[in-house]
Amino acid sequence: MKVQVLLPKIFDFPFTYHSNQIPLKIGDLVEVPFGKKNEIGVVWKNNHSDLKDVKIKNINKKIKNYSIDKKLVDFIEWFSIYNIVPIGLVLKMTIGIKDNFTKKEDPNIDLIKKKVKSFKLNDEQNNALKYLEINNNKFDVSVLQGTTGSGKTLVYFERIKKIIDKKKQALVLLPEIFLTNEFKSRFEDFFGYEPAIWHSKITPKKKRIMWKGIIENKIKLVVGARSALLLPFKNLGIIIVDEEHDTSYKQDEGVIYNARDMAISRASLEKIPINLVTSIPSVETYNNIQTKKFRHINILNRFNNYLLPKTKIINLNINKKKDQFISDETINQVNKFLKRKEQILFFINRRGYAPYLICKKCGLKQICSNCSMYLTFHKDKNKAICHHCLFERSIKIECKNGDNCDFIMYGPGVEKIFEEVKKNFPNNKINIFSSDYMKKKNQADSLFKKINNNKVDILVGTQMISKGFNFPKLNCVVVIDADFSGRGYDLRTTEKNIQLYHQLSGRAGRFSSESLIIYQTLTPKDSTLNELIKNKSEELLKNELAIRKKNKLPPFTRLIAIIVFSNQHNLSILGAKEIKKQLQKIENIEIMGPVDSPLLKIKKKFRSRLLIRFNNKDLMQIKITKLLKTLKISSKIKLTVDVDPVNFG
Ligand SMILES: [Zn+2]
Ligand SMILES: [Zn+2]
């Protein structure tokens, strides 16, 4: 009998094999000869038109006891269609590496039992739990909202516990950065064992052990970053997407997809509930709450009933001295907190020392030779570095009269602020928190320990710090440069700002009644900033939705970006124009562009963009895929398709 076998490779179709008397059903894992090698594939549906069955070979064998569920087969298919990704690449995310099928003896995944601490939900948490549990046995999207410190995690932990007690599996998705020791210890205290953690950086051995545990239904609860979404769960009972608003759920490279949205699709196909958790929802989710597509419950009070932080705007136009980025007023305020032995965070969203270098003698600008990007000066390395391709250049460059260039450094980076803070508070313990200083995992952990033990007075940090970390004594946050001007090209700039500053203010005053957020800014009258300080993030989302509706932007329409790359600028533009001409054959879509990417050149490749817009009730992906497949694309250009783009750089 002929069967279709899908292989975890770049192909967008299954291959035909003879089953050779082996009884097989859809979803069974099999070993087949492919080229000169044997590959592991999955028995697939017989509904593909472009079958390549020139020379039909026999299936070698069935992989005993391993199969994936029909519901997962459907999900893989949907994932591939929706995101315009070859289906084989999606399967690869499910069945993983070949190593998963070796006969290596692995240690048992019996979980080490630890002592469970007892937790008691307060009334608000209990009500939320009851509300969420109304639909525990069918597809249902609910949103659990609550300010930082309101105890949302405990609510969903309770919900999960009951579901896995019924022998079902549960998946908790977190943005990668949230897999902190803090989360782990809270998890262990609650469940009494270590979480099974899945993300791209765990070792192949660990992946193999976990993968087997999941497909054999021995691991009941997985905590993972976005790639955990395609794991071969046998009996999934619930998905939790914590911090659903976090844009890092969108994978921008390789297989491009949005893990939050795809999680909803998987829950729908599995016919199970999914719980989105957030302190302030994304614009899409907010819209779905408003239109009652998602159920929603809000925990209003912080766990200890502490008030939200007070806010203060400092106008840098009047208060800033030359070559100084921290105003005197800020220094006065910070001193009050230091006197009370409380912690302060200085926040600046820029790595390095200075973002622009210009020679004052010859006017030379330090620009990356691979990307259209300014190089950022990093003082610790004494080099100018590109944040896109990691290109490095010395700042000793020969100037016109035979001496070296004399660079002026414009704008502050986190290192510069660190220096200025040290100068202003010479008697305090000050630490820097930026990805450049947290290359090794234990560096971050040991810094957190220091902060928690009160061995740090002031922390100077980048965006990394705005997420998920709780510091008990942190009661004052200083935003060095609250900039709402945006850069004009990103429809999500406002949303990103709302999220960023909302998260940031959540860092302060978790365990105190008096806390303060200081916004230093050059635009003190900006409306977004002023709404934000009134804690009116939801009003901002409402405004943002109105603007999106007026401008026919998502979630009211759907966008697909096509990015054309080439070593030559004229070729990327020409390629994009040609693709546009072809796409115009499709009815009911609007094609914008081509335009140069705002970052025209990255890693030596020029990039031109097309943006397709259509009614979000139509699944135009099928027509677009069909058309793209017929294109004869020159080998000198490459293209990437990004469905529901989040970044427009
Ligand atoms: Zn570069
Ligand atoms: Zn010069």
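Hi everyone, let's start with one residue: Asp-261 is partly exposed, with a relative accessible area of 24%. Before going on, please keep in mind that this is a predicted model.

What does Asp-261 pair with? Its side chain meets that of Arg-260 in a salt bridge, with 2.9 Å from N to O. Is Arg-260 buried or exposed? Arg-260 counts as buried, because its relative accessibility is 7% and the cut-off for buried is under 20%. For anyone new to this, side chains of opposite charge can pair when their charged atoms come close.

How many salt bridges does a search of the whole structure find?

Have a look at Lys-360. Lys-360 forms a salt bridge with Asp-406, and the closest N and O atoms are 3.7 Å apart. Lys-360 sits in the loop between strand E18 (356-359) and E19, while Asp-406 sits in the loop between E21 and strand E22 (407-410), so this pair ties together parts that are 46 residues apart in sequence. Lys-360 has 56% relative accessibility and counts as exposed, whereas Asp-406, at 34%, counts as partly exposed.

Now over to helix H1, residues 70-83. Both Lys-70 and Asp-74 lie in this helix, 4 residues apart, which is about one turn of the helix. They form a salt bridge whose closest N and O atoms are 3.2 Å apart. Lys-70 counts as partly exposed at 42% relative accessibility. Which residues are linked in a network of salt bridges here? The network links Lys-45, Lys-70, Asp-74 and Glu-77.

Let's move on to the strands. Strands of a sheet pair through backbone hydrogen bonds, either parallel or antiparallel, and we'll meet both kinds.

Strand E20, residues 383-385, pairs with E21 over 3 bridges in the antiparallel sense. If you'd like to find one of the partners yourself, look for Ile-385, whose bridge partner in E21 is Glu-392.

Next comes an open sheet of 6 strands, in the order E16-E26-E25-E17-E24-E23, and its pairing is parallel. At the edges stand E16 (310-315) and E23 (430-433); each has a single partner strand, so one side of each is left without a neighbour in the sheet. The twist here averages 20° from one strand to the next. Inside this order, E25 (residues 474-479) and E26 (residues 516-521) run parallel and are joined by 4 bridges. For example, Val-477 has Ile-517 as its bridge partner in E26.

My last stop is strand E11, residues 236-242. How many of its 7 residues are buried? The count is 7 of the 7, so E11 is largely enclosed by the rest of the structure. E11 pairs in the parallel sense with strand E8 (residues 169-173) over 5 bridges, and Gln-169 stands opposite Leu-236 in E11. E11 also pairs in the parallel sense with strand E14 (residues 273-278), over 4 bridges. There, Ile-240 stands opposite Asn-275 in E14.

Notes
Residues are numbered from 1 along each chain as its sequence is written. Chains are lettered from A and ligands numbered from 1 in the order in which they are written. This is a predicted model: local features need pLDDT of at least 70, side-chain atom pairs count only at pLDDT 80 or more; totals for chains, interfaces and linings use all residues. Side-chain values use heavy atoms; hydrogens and water are left out. Two strands pair if DSSP finds at least two bridges between them. Helices (H or I, at least four residues) and strands (E, at least two) are DSSP runs, numbered from the N terminus. Buried means under 20% relative accessible area, exposed over 50%, partly exposed in between (1.4 Å probe, protein chains only). A salt bridge is a side-chain nitrogen of Lys or Arg within 4 Å of a carboxyl oxygen of Asp or Glu. Axes are lines fitted to C-alpha atoms, for helices over the stretch in contact, and angles run from 0 to 180 degrees between N-to-C directions.
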